Amino acid sequence: MSAVQAPPAASGSRGEQLRRRLLRSRELLVSYGLALALLIAFAVATPGGWEPQRILTILGQNAQLGIAAIGQTVVLLSGGLDLSIGPVMNLASVVSSAQMRGQDGNIAQGIAVAIAAGGLVGLVNGLLVSRAKIPPLLATLAVGTIVQGGYYVYTEGQPKGGVAPGLQSAADAKVLGSIVPWWLVLWIAVWIVVAFLLYRTTWGRRFYAAGASPRAAWLSGVAVSRYVVGAYVLSGICAAIAGIALTAYTGSPSVSGADSYTLQTVAAAVIGGVAFSGGIGRLAGAFAGVAVLVFLTTILETLNVDSAVQYVVQGAVLIGMMLVNRRLIGRGSGSAGR
Amino acid sequence: MSALATSRRSSPLGTTTLAGLKPALFITLVSIVAVVIAAIVSEPFRSPTNVESLLFQMAPLLLVAAGQAIVITTAGIDLSVGSMMSLATVLAAASSSSAGAVVAIVVAVGLLGGLGNGIGVVSGVNPLVMTLGTMAIFRGVALLVLGQPGGVVPADLLTPLTTVFGHVPLTFLLALGGVAILWLASAETRWGRALFAVGGDEAHARRARLPVRRTLLIAYSLSGLFAALAGLALVARIYSGDPNVGDPFALDSITAALIGGIAVTGGRGSVLAVIPAVLLLALTDNLLNLAGVFSYWQYIAKGVILILTLAAYHAAGRPTGLLTMARGGWRKRGGAA
């Protein structure tokens with residue numbers, strides 16, 4: 001898989017190094033393997049399933065889940081949990097539409113305000129978790145509920161304004177010989193920015209250290225709480241971008257359209273091998289997790305499977321993946337993915 | 001019991017049982033003060049019909065929150081209770097059999113579903129993910145049983161469920177009884193002692209040769225059972241089955257348990273504290289309704305209450321407080337793995 005690169009090393013130990021790297025990323029291999037298996041099943045089960053354009057379109061349509069899952073992954077890596085993602089996505093939808101009022105000229109303003117709002121919610125989450133020492137589950141749950149109440153009261157259930165037509169057409173537009181959807185590019189762009197931050201900067205190094213063992217990181221002079229706040233702010237911003245992407249895709253603002261995303265992002269991260277204990281897992285895992293969820297849903301929908309059965313299958317896959325990951329992390333060196 | 005311990009006893013209950021009530025004192029006082037203020041300020045609040053509807057509203061949340069409290073005491077969480085409640089309502093409305101058969105089916109499904117959660121958690125799946133998965137599964141099964149809200153609840157089941165003594169509904173009394181039973185079970189029995197030990201530190205409990213697996217299995221089974229019973233209590237309010245009606249109860253039950261001072265880290269708290277916590281939540285909803293405020297203010301009120309209670313526990317410096325830990329409660333189990 002692309003996520004596993006052999007490091008430039010002495011020729012004698014290269015095979016050994018590669019082997020070790022592969023072993024370390026076992027849970028990544030499993031999640032990408034499952035995604036690949038589902039992709040093949042999708043291709044076989046549906047007519048014209050092998051067309052790359054169709055696969056890319058499906059991924060592009062679910063970019064909002066992918067972007068939101070990146071934020072959730074970062075928070076999980078910090079040892080936390082963000083249950084305010086759905087509400088923040090709805091908030092971004094409501095706020096950006098109210099700013100845009102259906103005018104192309106106001107797109108930048110709408111996006112800026114939505115991202116600022118998402119970052120602000122993330123900041124509140126982060127401060128409640130790191131300063132007020134409220135457990136992440138409760139802090140983000142409470143903040144999410146307040147945000148939800150806030151936009152319901154503000155809109156009275158009827159979102160104001162509208163999506164700018166320019167943004168709407170961007171959601172359908174494609175680049176590179178009109179094959180790759182813009183929203184897929186957006187997803188990958190967000191992924192690259194966050195991956196650079198996590199894997200190529202000292203900030204990222206310290207972030208992983210703080211997530212894996214806050215005490216040890218603190219003793220080594222890492223200002224742990226700053227990294228925790230950073231994780232939630234990042235998640236809030238990702239959720240805001242995801243909310244705008246969803247609104248542009250559906251074409252109208254909604255106060256409840258993103259409700260299911262909170263738990264879906266958790267599922268995507270978990271299927272991608274991110275552990276709840278913090279510091280274990282990689283950003284690339286979330287991509288595989290989203291792909292698994294998306295292909296699974298598409299296969300079941302194309303096969304006309306009852307939505308009730310879809311729920312059962314999704315739940316079973318989630319539990320099964322967790323059992324597999326648990327075995328993988330439990331065995332061996334235990335430093336999986338670090 | 002040694003002679004010393006027995007001589008200190010002034011009540012039939014164990015000393016630890018009474019000590020466990022201390023953390024509940026604060027929330028009890030707050031809820032009593034709130035009720036008194038509400039009764040003085042609001043004329044419609046005092047009306048018997050309003051009291052009756054308030055009690056009807058409290059019954060399902062009491063049951064489901066008590067089960068949730070048991071699971072949180074193990075340092076776990078049960079997100080599947082909402083779907084289990086929905087499943088119970090559709091089972092009651094779709095199977096046109098006698099009341100006895102319906103109750104037997106609902107109880108069996110609740111116990112089995114909870115046991116499934118327990119088996120997953122015991123085999124090392126994170127409780128949040130495990131119950132997230134079963135939440136989807138229970139919802140799917142509920143939709144298979146009854147695709148749309150509706151169905152017919154057997155009359156011989158509906159009659160006892162909607163019985164009211166004066167203005168006190170039977171379901172409310174049964175719910176209170178259920179909470180009391182869970183409280184006594186967690187405070188007085190050998191299983192209860194193991195429950196707190198497992199929640200406090202699972203690794204230590206294992207080293208002390210406590211039956212960790214069995215304790216967890218029973219805890220999750222009870223949560224499933226009480227969620228199913230809460231579903232029946234909900235039938236008394238909606239008179240039908242609805243595959244989505246339980247959804248908000250997953251988060252409401254967690255909120256109630258935590259406001260009641262059950263530590264999210266596990267091992268601390270008293271199930272009985274769920275009663276004032278549920279009262280406080282129901283009261284807020286009720287007052288906002290009576291005031292004719294736009295209903296979504298309730299969301300804001302709930303969130304603010306949760307944060308304020310947590311801050312108050314923190315300020316009181318109680319170790320029960322949910323605040324001694326900066327990070328997720330499941331970290332302990334995941335880390336020990």
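A residue counts as buried here if 20 or more other C-beta atoms lie within 10 Å of its own. With that in hand, welcome to this predicted model.

**Helix α10 of chain A**
- This helix covers residues 202-212, and its buried residues are A:F207, A:Y208, A:A210, A:G211 and A:A212.

**The largest nonpolar core**
- The largest nonpolar core holds 222 residues, and A:A245, B:L62, B:V274 and B:V278 have the most contacts inside it.
- Helix α12 of chain A gives the most to this core, with 19 residues.
- Beyond its neighbours within four places in sequence, A:A245 is in contact with A:A63, A:Q64, A:I67, A:W183 and A:L186.

**Annotated spans in chain A**
- An unreviewed UniProt entry lists "transmembrane region" for several stretches of chain A, including 107-129 and 287-305.
- Residues 107-129 are 100% helix, with end C-alpha atoms 33 Å apart.
- For residues 287-305, the helix share is 84% and the end C-alpha atoms lie 25 Å apart.

**Annotated spans in chain B**
- For chain B, an unreviewed UniProt entry also gives "transmembrane region" spans, among them 166-185 and 259-284.
- Residues 166-185 are 80% helix and 10% strand, and their end C-alpha atoms are 30 Å apart.
- Residues 259-284 are 46% helix and 0% strand, with end C-alpha atoms 13 Å apart.

Key: Residues numbered from 1 in each chain as written. Chains lettered and ligands numbered in written order. Predicted model: local features only at pLDDT ≥ 70, side-chain atom pairs only at ≥ 80, totals over all residues. Buried ≥ 20, exposed ≤ 12 C-beta atoms within 10 Å, placed from the backbone. Helix = DSSP H or I, 4+ residues; strand = E, 2+ residues; numbered from the N terminus. Core = buried A, V, L, I, M, F, W, Y, C linked by C-beta atoms within 7 Å. Contact = placed C-beta atoms within 7 Å. UniProt positions renumbered as here; feature names shortened; annotations may be inferred.
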